[in-house]
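Okay, thanks everyone, let me put the model up on the screen.

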Amino acid sequence: MNTVFVARKMTLSDSFKERAEQKLKKLDKFFDDVKAQVTVSSQKEMATVELTVWAGGMIFRAEARSIDKLDALNDAIDNLIRRIRKNKTRLQKKVKASAFELPEEPIPEETDYDVIRTKEVTLRPTHVDEAILQMNMLGHSFFVFLNAESGTVNVVYRRNDGGYGLIVPDR
């Protein structure tokens, strides 16, 4: 497993890194080749651990907050494993088939996603600033638009930290 550690507003000890790598080895039973990024940040008295895992052509992400960074790490790994198990039928094509034969608590499986509403939108050339303004005026957390500069479909979204993000297609 290839693991990268990122610390924001703090320094990480070698013992924390070793424990994190040991905990991340739990993911080896699900995937053959795993890359992981562990981002640890601190705000006031709370530690936030963000896990991003690239495996089997997919990206998995989990985040947890706690007073202790080890507790946050444990919670994030547990959340990640819970998500993988919940969606195991969809993921079996991309991960080890034997990984899901563990006798654990049964998790109800979703057979299909229910699309409640379909909405058609007219895309017109818009600049990023104008798209953010439109999103705020509508009170939405994201907005799909045709970028006037690149001519591609983009998405702007409101981030939890109060900023904005832009999603552009990879070509």
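So, the largest pocket: 14 residues line it, and Glu50, Glu63, Arg65, Arg159 and Asp161 sit nearest its centre. A pocket here is an open set of points on a 1 Å grid over the protein atoms alone, where a 1.4 Å probe fits, with protein on both sides within 12 Å along at least five of seven lines, and lining residues have an atom within 4 Å of a point. Bear in mind this is a predicted model, where local features need pLDDT of at least 70, side-chain atom pairs count only at pLDDT 80 or more, and totals for chains, interfaces and linings use all residues. Numbering runs from 1 along each chain as its sequence is written, and side-chain values use heavy atoms, leaving out hydrogens and water.

Back to that pocket: it holds about 560 Å³. Strands S2 (34-43), S3 (46-55) and S4 (58-66) each give two or more residues to its lining. By class, that lining has eight charged, five polar and one nonpolar.

The second largest pocket comes in at about 430 Å³. Of its 15 lining residues, Lys119, Val121, Leu138, Phe143 and Val144 are closest to the centre. Strand S6 gives the most to this lining, five residues.

Now the helices. The axes of H1 (residues 14-24) and H2 (residues 69-86), lines fitted to C-alpha atoms over the stretch in contact, come within 11 Å and cross at roughly 15 degrees. So H1 is roughly parallel to H2, a label for angles under 35 degrees.

Conventions: Axes fitted to C-alpha atoms, helices over the stretch in contact; angles between N-to-C directions. Helix = DSSP H or I, 4+ residues; strand = E, 2+ residues; numbered from the N terminus. Parallel < 35°, antiparallel > 145°, perpendicular 65-115°, else oblique. Points joined across faces, edges and corners; volume = space filled by probe spheres on them. Nonpolar A, V, L, I, M, F, W, Y, C, P; charged D, E, K, R; others polar.
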